[in-house]
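These are my notebook entries on one protein structure.

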Amino acid sequence: MFVITLRYLAPMEQIDAVLREHQDWVDAQYDDGVFIASGPLVPRTGGVILAAGLPRERLEALLETDPFRRLELAEYSVVEFAPRRVAAGLERLQG
């Protein structure tokens, strides 16, 4: 499982101009079963994504296709961890 944080590098006007395209990209990752949770930071300086079910190399390549990344509007940090305990109903997330 991965915790991905992104930090905006551009003014909010530039972020908002590409937000719909980014959200479409995020939706596609949910459709493919890669993302399991996501949302903006509070305050809105970036976001967090939880991802699972793929090798790190594939995840890194996938992140390169995000419009925020392609347009150099955000930078990403990826932390991998092995969940040993999860809440009821989330058992599929355990390694």
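Before the entries, I set down how exposure is classed: a residue is buried under 20% relative accessible area, exposed over 50%, and partly exposed in between, with a 1.4 Å probe and protein chains only. The model is predicted, so I note that local features need pLDDT of at least 70, that side-chain atom pairs count only at pLDDT 80 or more, and that totals for chains, interfaces and linings use all residues. Residues are numbered from 1 along each chain as its sequence is written, and side-chain values use heavy atoms, with hydrogens and water left out.

**Entry 1: salt bridges**

I searched for salt bridges, defined as a side-chain nitrogen of Lys or Arg within 4 Å of a carboxyl oxygen of Asp or Glu. The search of the whole structure found seven.

I looked up Arg7 and found a salt bridge with Glu75, with 2.6 Å between the closest N and O atoms. Arg7 belongs to strand S1 (residues 2-8) and Glu75 to strand S4 (residues 74-80), so this pair ties together parts that are 68 residues apart in sequence. For these names, helices (H or I, at least four residues) and strands (E, at least two) are DSSP runs, numbered from the N terminus. Arg7 is partly exposed at 43% relative accessibility, and Glu75 is partly exposed at 37%.

I then turned to Arg20, whose side chain meets that of Asp27 in a salt bridge (3.8 Å, N to O). Arg20 is partly exposed, with a relative accessible area of 49%, and Asp27 is partly exposed at 40%. A network of salt bridges links Arg20, Asp24 and Asp27.

I also recorded the pair Arg56 and Glu60, where the closest N and O atoms of the salt bridge are 3.4 Å apart. Both residues lie in helix H2 (residues 56-63), four residues apart, which is about one turn of the helix. Arg56 has a relative accessible area of 30% and is partly exposed; Glu60 is partly exposed at 27%.

**Entry 2: the largest pocket**

I next looked for open space. Rolling a probe the size of a water molecule over the atoms shows where empty space is left. On a 1 Å grid over the protein atoms alone, a pocket is an open set of points where a 1.4 Å probe fits, with protein on both sides within 12 Å along at least five of seven lines; lining residues have an atom within 4 Å of a point.

The largest pocket has a volume of about 230 Å³, a volume being the space filled by probe spheres set on the points, which are joined across faces, edges and corners. It is lined by 15 residues, and those closest to its centre are Tyr8, Leu19, His22, Gly39 and Pro40. Two or more lining residues come from each of S1, helix H1 (12-31), strand S2 (35-40) and strand S3 (46-51).

Gly39 is partly exposed at 28% relative accessibility. Apart from residues up to four places away in sequence, Gly39 touches Gly47 and Val48, where contact means heavy atoms within 4.5 Å.

**Entry 3: the nonpolar core**

Which residues have the most contacts inside the largest nonpolar core? A nonpolar core is a set of buried Ala, Val, Leu, Ile, Met, Phe, Trp, Tyr and Cys residues joined through side-chain atoms within 4.5 Å. The largest one has 22 residues, and Ile4, Leu59 and Phe68 have the most contacts inside it. At least two residues each are supplied by S1, H1, S3, H2 and S4. Not counting residues up to four places away in sequence, Leu59 touches Phe2, Ile4, Ala51, Leu54 and Val78.

**Entry 4: single residues**

Is Gln29 buried or exposed? Gln29 lies in H1 and is buried, with a relative accessible area of 5%. Leaving aside neighbours within four places in sequence, Gln29 is in contact with Val34, Phe35 and Leu62. Gln29 and Leu62 are 33 residues apart in sequence, and their C-alpha atoms are 8.9 Å apart in space.

I noted a cis peptide bond between Val42 and Pro43, with omega at about 0°. Pro43 is in the loop between S2 and S3.

Last, I looked up Glu72, which has a positive phi of about 55° although it is not a glycine. Glu72 is found in the loop between helix H3 (67-70) and S4, and is exposed at 63% relative accessible area.
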